[in-house]
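The exercises below concern the structure shown next. Work through each task before reading its solution.

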2 protein chains.
Amino acid sequence: MFNNLISPSAIAVIGASPDRSKIGHAVLQNLVNQGFHGKIYPINPSCDEILGLKCYTEISSVPGKVDLAVIALPAKLAPSVLQECIKQDVEFVIIVAGGFSELGEEGRKLEDSLKEKLKGTRTRLIGPNTVGIIFPHSKVNTALTPGERIWFPGEGQIGFISQSGALGLLIMDSLAENGTGISGFVNIGNRADIDEDDLMEMFLEHDETRSIVAYLESISNGEKFFRTVRDVNMKKPVTILKTGRTSEASAAASFHTGALATDDRVLDGILRQAGVVRAYSEVELLDFGRALAYARPLEGKRIAVLTTAGGVGVLTTDLLTTEDSRPALSMARFSQEEIGQLKEHALPIASLNNPIDLTADGSTQSYASILEILAESGNVDGIIAYALPQTPKIDTSVIGPIVNAARKKTVVVGVIGNRLTRDLMVDLEKAKIPAYPSVPRTVSAMKALYLRRMYLRRLSNDH
Amino acid sequence: MFNNLISPSAIAVIGASPDRSKIGHAVLQNLVNQGFHGKIYPINPSCDEILGLKCYTEISSVPGKVDLAVIALPAKLAPSVLQECIKQDVEFVIIVAGGFSELGEEGRKLEDSLKEKLKGTRTRLIGPNTVGIIFPHSKVNTALTPGERIWFPGEGQIGFISQSGALGLLIMDSLAENGTGISGFVNIGNRADIDEDDLMEMFLEHDETRSIVAYLESISNGEKFFRTVRDVNMKKPVTILKTGRTSEASAAASFHTGALATDDRVLDGILRQAGVVRAYSEVELLDFGRALAYARPLEGKRIAVLTTAGGVGVLTTDLLTTEDSRPALSMARFSQEEIGQLKEHALPIASLNNPIDLTADGSTQSYASILEILAESGNVDGIIAYALPQTPKIDTSVIGPIVNAARKKTVVVGVIGNRLTRDLMVDLEKAKIPAYPSVPRTVSAMKALYLRRMYLRRLSNDH
C-alpha cells in the first residue's frame with residue numbers, strides 16, 4: 001500500500017530552486033546526493049535545469065508517471081498545486097510548508113481545503129508542515145535540511161515516526177555517534193491525512209523494519225490509535241515517546257503543531273494495555289528502538305553483569321535492582337558448578353559473585369571464556385557486558401565473543417569512555433549488538449527488553 | 001595541609017620499571033609525559049635509568065627531600081617499603097597494589113599493619129588499592145593506566161573523589177567528549193588513612209576547585225562524614241553518587257572495596273540534611289559537577305526555554321515541569337511588554353509563548369536579541385538555551401550571546417546532534433558554560449542548580 005512512498009520510481013519536486021538558501025533546493029539536493037536511483041523531476045517554470053536535471057514547468061508536463069510529489073512552495077499555493085497532483089493521479093504528496101492549522105483559525109481553514117481536495121481520490125498526503133521523509137534502502141531523502149548541516153542515517157532496522165520535524169532530524173544527527181541506521185523516517189507534521197496509525201501499519205508491513213519508534217505530541221484519533229498500536233505491537237515492538245505529560249507541556253505542544261493534547265493518564269493506560277514500551281526522552285526512544293530491533297527476546301529477569309571495572313559493576317547492580325520508572329530486575333545467581341567453571345578462567349583476584357569483575361588485569365581471553373559460560377548458563381536470562389578497552393589487556397577483539405554470546409542470550413553492551421571506544425561502538429552497531437555509552441543507558445535498554453518480555457508473556461497467557 | 005600532595009616538589013616512584021607492561025612503568029611514564037616539573041626519582045635497585053631518569057636503589061639513597069612516594073610493588077612488600085618512607089619523613093605515600101582488605105581476613109591484617117605503621121607519624125597514606133591521583137594544574141599524574149589507553153583531563157574546576165579507580169578513570173575518559181577539565185582527582189581505594197572527608201576538606205581549601213564530586217560505595221565514618229559534608233557543602237557545592245542503594249548493590253560494593261555498606265535511607269537522610277545534590281549515575285555526577293562549578297546560582301524556579309526546534313521545546317517543558325527524582329520547575333511567564341519586545345526580534349511564525357520556538361527559519365541575530373531580553377527579564381530565573389547549528393541560519397557565533405546572557409542569569413545550554421555540534425560543545429566548555437548533548441541531561445542540570453538554590457535558601461533562613 002505504501003510501496004510507492006517507500007520506494008517510488010519517480011519523484012517530482014514542485015518548487016525546486018537553484019537558490020541554495022531555498023528549501024526547494026535542499027530537497028532536490030538531498031535526493032540527488034543520497035543517490036536516489038529513480039527519476040527526479042524538478043518543477044520550476046523559470047528554470048531550464050537545476051543540479052543537472054531538466055526542469056518542467058508544471059506537474060502535468062512531466063513525461064512519465066510520478067509516484068511521489070514534494071510541494072516545496074508557500075502554504076497559500078499548496079491547495080491548487082495539490083489539486084494538480086491529484087489530477088495527474090500522483091499517489092503520494094508531501095507538503096513541506098508550515099502556516100496551516102498550527103497557526104490558528106485561518107491556517108486551519110487552509111488545511112481543511114487540502115483535506116477536501118483529497119476526498120474520494122487515491123492521492124495520500126504527508127504534512128503539511130513536515131521536514132519530509134527518508135528511506136535509506138531506496139535512497140529516498142526529501143529532507144529540507146541541507147546535508148552539510150546534518151548526518152543522514154544509512155540503512156538500518158528502525159522505523160521512525162516523528163510528529164516534530166526538527167527534533168526528528170536532530171535525533172537522526174545524534175545517531176551518527178555510532179553509525180546507527182534506520183529503515184525509514186517520516187515526519188507526519190500536521191497529519192492532514194497520513195497519520196501515526198497509517199505509518200505504524202506501513203512499518204509493520206515493511207520487511208526491513210524490525211522495530212518501530214514514534215515521537216508524538218498528541219494522538220490523531222484515540223480509539224483508532226489504540227487499535228492500531230495494539231495490533232502492530234503484537235508483531236513488531238513499538239516504542240513511543242509522547243510529550244505533553246504536564247499541562248504546561250500540553251500547552252507547548254498545542255502551540256507547536258496545533259494539535260489538541262490527549263490526557264496523559266488516558267494515553268498511558270492505552271500504552272500499558274497495548275504493551276508498548278514508553279520512552280521519556282529522545283535518547284531513550286532510539287536506545288530502546290535499537291535494543292528491541294537487535295537483541296534476542298529476554299526470557300526472564302535474571303541478569304549477569306560482566307566488567308573489568310569494579311565500580312561499573314556496582315553502579316550497574318544499583319540501577320538494575322532499583323525500581324524507577326521501570327521495574328527492578330534481579331542479579332543472576334550462579335550454581336556452585338558454574339562458579340567452579342568461572343574460577344578456571346579468571347585471576348584469583350577477580351570477583352566472581354555477580355557482578356563479575358575481572359579487574360584491571362582481566363584479559364580478552366578470560367573475558368571471552370567467561371562470557372561463553374554465562375551464555376550457556378541456565379541461571380542467566382540476560383547479560384550486560386561492559387567492553388572497556390581502557391583495561392590494558394582488553395582489546396577490541398572482545399567483539400567476537402560478544403557476538404557469539406548474543407546468538408544464545410540477550411546481550412546488552414556498555415562502552416564507557418572516548419578515544420578507544422568510538423571504533424568499538426561502530427563495530428558493535430554493525431554487528432547489530434545494542435551498545436550504549438553509559439551505565440544508566442545500558443541498564444535502561446535491558447529494562448526495556450524486560451518490559452517487552454512481560455508483555456509477550458501476558459499475550460501468550462491470554463491466548 | 002595537602003599542598004605537598006597537590007603540588008609536590010619531588011616524587012619518588014618505588015618499583016619504577018622499564019617493562020612497559022608493568023604498573024611501575026605506567027606511573028612513571030604518566031608523570032613524565034604529563035610534564036611534571038618537579039623532581040622525579042625512579043626507585044629500582046636493578047636499573048641505572050628508566051625513561052631517561054636516573055634510578056636509585058632505595059628511597060633513603062635519594063639525594064633530596066621527597067614529598068610524595070608512589071609504591072608500585074606487590075601488596076606483601078608494601079608495609080616494609082611504607083616503613084622506609086616514614087623513616088625518610090615522606091609526607092604523602094600512595095600504595096597502588098590491591099590485595100588488602102578487599103580480599104578478606106588475611107588482606108585486612110596486612111592493611112592493619114599499614115595503619116599501625118602510620119600511627120604517630122606525619123606520613124599520610126592514599127590507598128592501598130588505588131589507581132592514583134591527578135592534579136592537572138601541577139601536572140601531577142600517578143595514574144596506573146598508560147596514557148595511550150585513556151584521556152587525561154586538563155586543568156578545570158571540578159575536584160573529583162572516587163572510591164572506585166577504574167570507574168573514575170572511565171569517567172575522566174568520557175570527559176574528553178567536550179574537553180572538560182578537572183582541578184584534581186583522587187582514588188581513595190581502601191582508604192586505610194586518607195578518606196573522602198579529608199579530600200572534601202582538601203578541595204574546599206583548593207582555590208582552583210569550584211565544585212566537588214564524589215563517587216562512593218560506602219562511607220568511612222558516618223558521623224564524621226555528616227559533619228564534613230555539611231560544612232564543606234556550605235562553601236562549595238558537593239555532588240555525590242553513592243551506590244549500594246539496594247541490598248544486591250551493597251553486596252556488590254562490599255565485594256569490590258571490602259567496605260561495609262551504609263543503609264541507604266540513613267545516607268539519603270544525611271545528604272538531604274546537608275543539602276548535597278545527589279547524582280544517580282556517573283553521567284549525572286559530572287554533569288551536575290559542571291553545572292554547579294560554572295553557572296551562576298539560580299534565583300528561583302521560573303525557567304525560560306529558547307529553541308529553534310519546536311519538539312525540543314515541548315520535550316524540555318515535559319521533563320522540566322515533571323517531578324521525577326527531583327522537583328518540577330515552572331515555565332517563566334512573560335509580561336505583555338516583554339512579549340511585545342520578543343515579537344520585534346522574531347519572525348511572525350515563531351512561537352513566543354514559553355518555550356520560545358524561533359523555528360527552522362530562526363537566525364543567530366534573532367536568537368541573540370531574544371536571549372538578551374530573557375537575560376534582562378524580571379520574570380525569568382534561569383534560561384535553557386538550545387544551540388542547534390543544524391538550523392540553517394544559526395551558526396556557532398551564538399556562543400557570544402550565550403556567554404553574555406550567562407553573565408546575568410543562570411544559563412544551561414543543550415546541544416543535540418553530532419558533526420556540527422562537537423566544536424560548539426568544546427567552545428562552550430572553554431567559556432565555562434554548562435552544555436549537554438541531550439534534553440534530559442540539560443533539564444537535569446538545571447534541576448540540580450535548583451536543588452542547590454533551595455538548599456542555600458534554607459541555609460539563609462536558618463541564620
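**Exercise 1. State which elements cover the buried residues of α14(A), and where those residues lie on the helix.**

Step 1. The cover of the buried residues of α14(A) includes α13 (364-376), β18 (382-386), β19 (410-414) and α15 (421-430) of chain A. Helices (H or I, at least four residues) and strands (E, at least two) are DSSP runs, numbered from the N terminus. The model is predicted: local features need pLDDT of at least 70 and side-chain atom pairs count only at pLDDT 80 or more, while totals for chains, interfaces and linings use all residues. Residues are numbered from 1 along each chain as its sequence is written, and chains are lettered from A and ligands numbered from 1 in the order in which they are written.

Step 2. In α14(A), residues 399-408, the buried residues are Ile399(A), Pro401(A), Ile402(A), Ala405(A) and Ala406(A). Buried means that 20 or more other C-beta atoms lie within 10 Å of a residue's own; exposed means 12 or fewer, and partly exposed is in between, with C-beta atoms placed from the backbone.

Step 3. Viewed down the axis of α14(A), these buried residues fall within an arc of 160°, so they line one face of the helix. The arc is taken over the directions from the helix axis to the C-beta atoms. An α-helix has 3.6 residues a turn, so residues three or four places apart point the same way.

**Exercise 2. Describe the burial and the neighbours of strand β12(B).**

Step 1. Six of the six residues of β12(B), residues 211-216, are buried, so the strand is largely enclosed by the rest of the structure.

Step 2. Ser211(B), Val213(B) and Tyr215(B) are buried on one side, and Ile212(B), Ala214(B) and Leu216(B) on the other. In a regular strand the side chains alternate between the two faces of the sheet.

Step 3. Strand β10(B), residues 155-162, runs parallel to β12(B) and is joined to it by five bridges; Ser162(B) stands opposite Tyr215(B). Strands count as paired if DSSP finds at least two bridges between them.

Step 4. Five bridges also join β12(B) to the parallel strand β13(B), residues 238-242, where Lys242(B) stands opposite Leu216(B).

Step 5. With helix α7(B), residues 222-235, β12(B) and β13(B) make a right-handed β-α-β unit. Right-handed means that, with the strands pointing away from the viewer, the path from the first strand over the helix to the second runs clockwise.

**Exercise 3. Determine how chains A and B are related and where they meet.**

Step 1. Chain B is superposed on chain A by a rotation of 180° with 0.0 Å of shift along its axis (RMSD 0.0 Å). That is the relation of a two-fold axis. The superposition is by least squares on the C-alpha atoms of residues with pLDDT of at least 70 in both copies.

Step 2. 62 residues of chain B are in contact with 62 residues of chain A. Contact requires C-beta atoms, placed from the backbone, within 7 Å. On the chain B side, α11(B) gives the most, with nine residues.

Step 3. 100% of the interface residues of chain B are also interface residues in chain A, so the copies meet through the same surface.

**Exercise 4. Locate the cis peptide bond at Pro355(A).**

Step 1. The bond joins Asn354(A) and Pro355(A), with omega about 5°.

Step 2. Pro355(A) is in the loop between α12 (336-344) and β17 (356-357) of chain A.

Note on methods: Contact = placed C-beta atoms within 7 Å.
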